[in-house]
Amino acid sequence: MIKRVLFLASTLCTVIVVVSFALFAVEEANASSTTQKDKIEAFDTTNPTPQEEKARAKKHTKVREVIDDANDALTSPFDGITNSSNIWVQRGVPALLAFLLYFVVLRVLAGYAVKLRV
C-alpha cells in the first residue's frame, strides 16, 4: 500500500514538473521577437508576484495555469538555488532538482518502504 502511494505521488509530481517545463520550453521556442520574449519572461518567472500571477493567468488557459501553479508549488523549495538572470537556468535548475527529488528519491523510498515492512 505504501509503495503504491509513493509511486503514484512520484509519478504525479514528475509528470507535473516535466509537462510544465515542456510547455515553458515550447513557449520560449515560439517567441520570435525581443518584445514577445520579454513578455514571456515576465510571465514565466519562478516564484511569481501576485501581479505576475494575474498576468500569467490571463495569458494562459485554465489547464495550463493549474499545471503552472502545481509546478510552482513543487519547485518552490529550489527557487532560491540559482541567481542567474537567464530564464532557462531559473526554470531548468529547479525543474531538474524537483525531477530528481520526486522521481528518483520517492521511488527509492518506495523500494525501502516495502523492505521495511517485511
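Which residues form one aromatic cluster? I looked, and Phe21, Phe24 and Trp88 make it up. A caution to myself before going on: this is a predicted model.

**Confidence.** The average pLDDT of the chain is 83, and 82% of the residues score at least 70. Helix α4 (residues 62-75) has the highest confidence, at 92. The lowest is in helix α2 (residues 34-43), where the mean is 56.

**Layout.** I counted elements next. The chain has 5 helices and 0 strands, and from the N terminus the order reads α-α-α-α-α. Out of 118 residues, 32% count as buried. I also looked up the contacts: of those between residues at least 6 apart in sequence, 59% join residues at least 24 apart. For the surface, I got an accessible area of about 7400 Å², with 68% of it belonging to carbon and sulfur atoms.

**Aromatic pairs.** Back to the rings. I get 4 aromatic pairs in total. One of them is Phe21 with Trp88, edge-to-face, at 6.1 Å centre to centre and 75° between the planes. Phe21 sits in helix α1 (residues 2-30) and Trp88 in helix α5, so this pair ties together parts that are 67 residues apart in sequence.

Then I noted Phe99 and Phe103, a stacked pair with 5.2 Å between centres and 10° between planes. They are 4 residues apart in helix α5, so about one helical turn separates them. Phe99 has a relative accessible area of 28%, which makes it partly exposed, and Phe103 is partly exposed at 33%.

**The patch.** Which residues make the nonpolar surface patch of about 740 Å²? I found Leu96, Leu100, Leu101, Phe103, Val104, Val105, Val108, Leu109 and Tyr112. I placed Leu101 in helix α5, which covers residues 87-117.

Notes
Residues are numbered from 1 along each chain as its sequence is written. This is a predicted model: local features need pLDDT of at least 70, side-chain atom pairs count only at pLDDT 80 or more; totals for chains, interfaces and linings use all residues. Side-chain values use heavy atoms; hydrogens and water are left out. Patches are made of residues with over 30% relative accessible area and no salt bridge: like charges are joined within 9 Å, nonpolar side chains (Val, Leu, Ile, Met, Phe, Trp, Tyr) within 5 Å. Accessible areas come from the Shrake-Rupley method with a 1.4 Å probe; for residues, only the protein chains shown count as cover. A salt bridge is a side-chain nitrogen of Lys or Arg within 4 Å of a carboxyl oxygen of Asp or Glu. Helices (H or I, at least four residues) and strands (E, at least two) are DSSP runs, numbered from the N terminus. pLDDT is the predictor's confidence in each residue, from 0 to 100. Buried means under 20% relative accessible area, exposed over 50%, partly exposed in between (1.4 Å probe, protein chains only). Contact means heavy atoms within 4.5 Å. Rings of Phe, Tyr and Trp (its six-membered ring) pair if their centres lie within 6.5 Å; planes under 30 degrees apart count as stacked, over 60 as edge-to-face and the rest as tilted.
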